[in-house]
Amino acid sequence: RGLRTSRYTIAFHASKGTLDKVILFDRKRDQNEMTTVAGQHPKLVRRLKTKLYRWLLNTKDPFATNLNR
C-alpha cells in the first residue's frame, strides 16, 4: 500500500504479514521515481507510515496490521 503527498510517493510492501520494503520517492527531484530516498528520510517515512496506518484503519483495510509491527 502507499500514498502520495504533493512532493513524495511512499509505498510499503509486506510478505507473509511482515513489512519488508519501504520505497520513498521525492518527485520534485526525481520525477521518474527511479531512486528511493527512504533511508535518507526516516522521520518522514515514520510520519507518512502513521498517516497511511490511520487511513487503513479508517477504511478497515487488513494491511494496517502489517504497518503496526
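Predicted model: local features only at pLDDT ≥ 70, side-chain atom pairs only at ≥ 80, totals over all residues.

Modeller: First, a term: helices (H or I, at least four residues) and strands (E, at least two) are DSSP runs, numbered from the N terminus. Read along the sequence, this protein goes β-β-β-α-α. It has two helices and three strands.

Colleague: OK. In what order do the strands sit in the sheet?

Modeller: The order is E1-E2-E3, in an open sheet with antiparallel pairing. Two strands pair if DSSP finds at least two bridges between them.

Colleague: Which strands stand at the edges?

Modeller: E1 (2-4) and E3 (18-26) do. Each has a single partner strand, so one side of each is left without a neighbour in the sheet. The twist averages 10 degrees from one strand to the next. Axes here are lines fitted to C-alpha atoms, for helices over the stretch in contact, and angles run from 0 to 180 degrees between N-to-C directions.

Colleague: How many bridges join E1 to E2?

Modeller: Three, with E2 covering residues 8-15. Arg4 has Thr9 as its bridge partner, and Gly2 stands opposite Ala11. A hairpin of three residues links E1 to E2.

Colleague: And how many bridges between E2 and E3?

Modeller: Eight, again antiparallel. Ala14 in this pairing stands opposite Leu19. Two residues lie between E2 and E3 in their hairpin. Lys16, in that turn, has a positive phi of about 55 degrees.

Colleague: Switching to helices. Where does H1 lie?

Modeller: H1 (residues 42-58) lies across E1, E2 and E3. It runs at about 70 degrees to E2.

Colleague: What about Gly39: buried or exposed?

Modeller: Exposed, because its relative accessibility is 76%. Buried means under 20% relative accessible area, exposed over 50%, partly exposed in between (1.4 Å probe, protein chains only). Gly39 lies in the loop between E3 and H1.

Colleague: Last one. What share of the whole protein is buried?

Modeller: Buried residues make up 33% of the 69. The C-alpha atoms fill a box of roughly 35 × 20 × 20 Å along the principal axes.

Note on methods:
Residues numbered from 1 in each chain as written. Heavy atoms only, no water. Contact = heavy atoms within 4.5 Å.
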